[in-house]
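Subject: Structure handover and findings

Hello,

Please find the structure below, followed by notes on what turned up in it.

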Amino acid sequence: MSEPGPALAGVSSRMSRQRRRDTQPEVLLRRALHRRGHRFRVDTALPGMSRRRSDILFTKKRVAVFVDGCFWHSCPEHATFPRNNEQWWQDKLRRNVERDRETDTHLRSLGWTPVRVWEHVPVDDAVEIVEIALDSANGSDLRHRR
């Protein structure tokens, strides 16, 4: 993958300041899950993938939650693609999506359940998605959920 050109110095500087953790959608989801009694780890390295991290990790249930940003992970509804240095950005964003799929496959091979939630999903819906995965990982009957 080629490096961005000098014309993108300002863009590169702005992008480097983008939060990698504790984004508003992540924090809202964590607070809602915590209020419902769930306990978890935050920004934790994945098993067998020390350079990759989950946003929320339920170690006992073996569920890894990722709150994916629409831009960085190419949301089918809200993805945008910069026009400057277009090929570099296409390659970068495509590789992000490939890395997500590799991570999901790796986690499944270890018996973990990866859960991906788009940043634009309402927090109540995101909680529901996570709780369904937790219930499934636990083998419990979904009718007994809160």
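Is Arg53 buried, exposed or partly exposed? With a relative accessible area of 43%, Arg53 is partly exposed; buried means under 20% relative accessible area, exposed over 50%, and partly exposed in between, with a 1.4 Å probe and protein chains only.

Before the rest, the conventions. This is a predicted model, in which local features need pLDDT of at least 70 and side-chain atom pairs count only at pLDDT 80 or more, while totals for chains, interfaces and linings use all residues. Residues are numbered from 1 along each chain as its sequence is written, and side-chain values use heavy atoms, with hydrogens and water left out.

Arg53 and its surroundings

Arg53 is part of strand β2, residues 49-58. Helices (H or I, at least four residues) and strands (E, at least two) are DSSP runs, numbered from the N terminus. Setting aside residues up to four places away in sequence, Arg53 touches Asp43, Thr44, Ala45, Leu46 and Phe66, where contact means heavy atoms within 4.5 Å. With Asp43, the side chain of Arg53 reaches the backbone oxygen at 2.6 Å. Phe66 also has Arg116 over its face, at 4.1 Å from the ring centre; a charge sits over a ring if NZ of Lys or CZ of Arg is within 6 Å of the ring centre and within 35 degrees of the ring normal. From Arg53 to Val65 the C-alpha distance is 9.7 Å, at a sequence separation of 12 residues.

Nonpolar cores

A nonpolar core is a set of buried Ala, Val, Leu, Ile, Met, Phe, Trp, Tyr and Cys residues joined through side-chain atoms within 4.5 Å. The largest one has 15 residues, and Leu29, Leu33, Phe58, Val63, Val65, Val115 and Val130 have the most contacts inside it. Two or more residues each come from α2 (24-35), β2, β3 (63-68), β4 (113-118) and α4 (123-138). Helix α4 gives the most to this core, with 5 residues. Another core, of 7 residues, lies apart from it and includes Leu46, Met49, Leu57 and Leu107.

For Val65, leaving aside neighbours within four places in sequence, the contacts are Leu29, Ser54, Asp55, Ile56, Phe58, Val115 and Val130.

Aromatic pairs

Rings of Phe, Tyr and Trp (its six-membered ring) pair if their centres lie within 6.5 Å; planes under 30 degrees apart count as stacked, over 60 as edge-to-face and the rest as tilted. The whole structure has 5 such pairs. Phe71 and Trp72 have ring centres 5.0 Å apart and planes at 80 degrees, so this pair is edge-to-face. Trp72 and Trp89 make a tilted pair, 6.0 Å centre to centre with 50 degrees between the planes. That pair links distant parts of the chain: Trp72 is in the loop between β3 and α3 (86-109), and Trp89, 17 residues apart from it, is in helix α3. Phe71 is buried at 17%, Trp72 is partly exposed at 26%, and Trp89 is buried at 6%. Phe71, Trp72, Trp88 and Trp89 form one aromatic cluster.

Cysteines

How many disulfides does a search of the whole structure find? The count is 0, a disulfide being a pair of cysteine sulfur atoms within 2.5 Å. The cysteine sulfur closest to that of Cys70 is in Cys75, and because they are 3.9 Å apart, they are too far for a bond. Both residues are buried, Cys70 at 6% relative accessibility and Cys75 at 2%.

Regards

Definitions and conventions: Polar contact = N/O pair within 3.5 Å; in protein donor to acceptor, adjacent residues only side chain to side chain.
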